[in-house]
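Reader: I have a structure to go through before I set anything up. Can you put it on screen and take my questions as they come?

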Amino acid sequence: MEHLTKLKAIIEKYLPEDVDVASIQLESKFIEELNINSAHLVDIVLDVEDEFDIMLENEDMDKMKSVQDALSIIEAKIKAA
Amino acid sequence: MDTNYIRDLLPFDHPYLFVDTITSVTQENIVGSYTFKKDEFFYKGHFKDNPVTPGTILTECCAQLALVCHGLFLSNANSDMVKSRLFFLASSEMDFYSVVLPNEKVIVTAEKIYFRFGKLKSKVKMTKEDGTLVCKGVLSGMQKNTEDG
């Protein structure tokens, strides 16, 4: 749960003004639903790496379509560390 | 090292190519130059009877070198890769210090902040040949394969 709170705080920084913070749900898709552009998706990944002290690879980035995808990747990386 | 192969890979062409030469390139930095020709298309309207290089074009000149040329180098690009790749500006924050007139040569220097997941972010600086600062700032851009959508 704590991971999700931290992740939401990171996503919020890159949310366009016309998208409400309340719309960040587990099933939300970053690009299609939260209207986050691909450059900001990279920023989210870089912030996630710093926040959770993990390293993401290109294939993680390819899989990261929704908030749930990101959370699963974060939790798998933390467990593997 | 031969650096001009990078220029030949660029997806730009006249009248929207603003790189003449690449002087040096490493994993961290790139340096290049461009001379604004007196018949560039934008001088006719910017401004009426008073040709001055637009700030957006100076930014474009910086971006072509700092983001596209350096990005091609950093991703070991070849001509086949370039054909299926899109390059776009992601963000720019530039400050301007002096004007560039027709026939003036500018030197662009860029230092990579990071290049990850196709996004290149760099500190850039443009000067004239005598070292006069034209503009400086931070630019970022994305490379994407067209088939990725």
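Reader: Which residues of strand 2 of chain B point to the buried face?
Author: This is a predicted model. In it, Ile30(B), Gly32(B) and Tyr34(B) share one face of strand 2 (residues 29-35) of chain B and are buried.

Reader: What stands opposite Val31(B)?
Author: Ser24(B). Strand 1 (residues 21-25) of chain B pairs with strand 2 of chain B in the antiparallel sense, over four bridges. A hairpin of three residues joins strand 1 to strand 2 in chain B.

Reader: And how many bridges join strand 2 to strand 4 of chain B?
Author: Seven, and the two strands run antiparallel. Strand 4 covers residues 105-116 of chain B. Ile107(B) in strand 4 is the residue opposite Ser33(B).

Reader: Switching to chain A. At what angle do helix 1 and helix 2 cross?
Author: Roughly 145°, with the axes of helix 1 (residues 2-13) and helix 2 (residues 38-52) of chain A coming within 10 Å. The crossing is right-handed.

Reader: Which residues meet there?
Author: From helix 1 of chain A, Lys6(A), Leu7(A), Ile10(A) and Ile11(A); from helix 2 of chain A, Ile44(A), Asp47(A), Val48(A) and Glu51(A). By class that contact has five nonpolar, three charged and no polar residues.

Reader: Last thing, the contact between the chains. How many residues does each chain give?
Author: Chain B gives eight and chain A gives seven. On the chain B side, strand 3 (85-96) and strand 6 (133-145) are the elements that give two or more residues. Strand 6 of chain B gives the most, three residues.

Reader: How does the chain B side divide by class?
Author: Three nonpolar, two polar and three charged.

Technical notes
Residues numbered from 1 in each chain as written. Chains lettered and ligands numbered in written order. Predicted model: local features only at pLDDT ≥ 70, side-chain atom pairs only at ≥ 80, totals over all residues. Contact = placed C-beta atoms within 7 Å. Nonpolar A, V, L, I, M, F, W, Y, C, P; charged D, E, K, R; others polar. Axes fitted to C-alpha atoms, helices over the stretch in contact; angles between N-to-C directions. Left-handed = near helix turned anticlockwise from the far one by under 90°. Buried ≥ 20, exposed ≤ 12 C-beta atoms within 10 Å, placed from the backbone. Pairing = 2+ DSSP bridges.
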